[in-house]
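Q: I would like to go through a structure with you, step by step. Could you begin with the terms?

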Amino acid sequence: MESECSRRERLLMLLLSSDSPLTPREIAEELDLSERDVYRDIEHVARSLRARSGGSMWIEVLPPQCLSCGFVFSRRPWARKSRCPRCKSTHISPPRIRVGRR
């Protein structure tokens, strides 16, 4: 009998198999999860991947950016952003997540 993968294992497998960065919404839709679950799990998956691979693979988060003024969110880029601190716009691109490799 084949064991079921955990939600975090499925998230990691999806990221490993993807050729391009994925947004949290794309991940949530692919895995039938909520975006909230994806945001909650991404830090844990990052720690697990780094430990499992001995540092040769890691989760790379391309940070969100304000589409109005170009501000790049560098602090906690995996966290959901709602408003630009510079121009107060709510037109924010989502972070994009992929696996980095050496």
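A: Contact here means heavy atoms within 4.5 Å. The model is a predicted one, in which local features need pLDDT of at least 70, side-chain atom pairs count only at pLDDT 80 or more, and totals for chains, interfaces and linings use all residues. Residues are numbered from 1 along each chain as its sequence is written, and side-chain values use heavy atoms, with hydrogens and water left out.

Q: Leaving aside neighbours within four places in sequence, what is Ile59 in contact with?
A: Beyond those neighbours, Ile59 is in contact with Leu15, Ile42, Val45, Ala46, Leu49, Ile97, Arg98 and Val99.

Q: How many residues has the largest nonpolar core?
A: That core has 17 residues, and Leu11, Leu15, Ile27 and Ile59 have the most contacts inside it. A nonpolar core is a set of buried Ala, Val, Leu, Ile, Met, Phe, Trp, Tyr and Cys residues joined through side-chain atoms within 4.5 Å; buried means under 20% relative accessible area, exposed over 50%, and partly exposed in between (1.4 Å probe, protein chains only).

Q: Which helix gives the most to this core?
A: The answer is α3, with five residues. Helices (H or I, at least four residues) and strands (E, at least two) are DSSP runs, numbered from the N terminus.

Q: New topic: where is Phe73?
A: Phe73 lies in the loop between β1 (57–62) and β2. Its C-alpha atom is separated by 22 Å from that of Leu15.

Q: Is Phe73 buried or exposed?
A: Phe73 is buried, with a relative accessible area of 7%.
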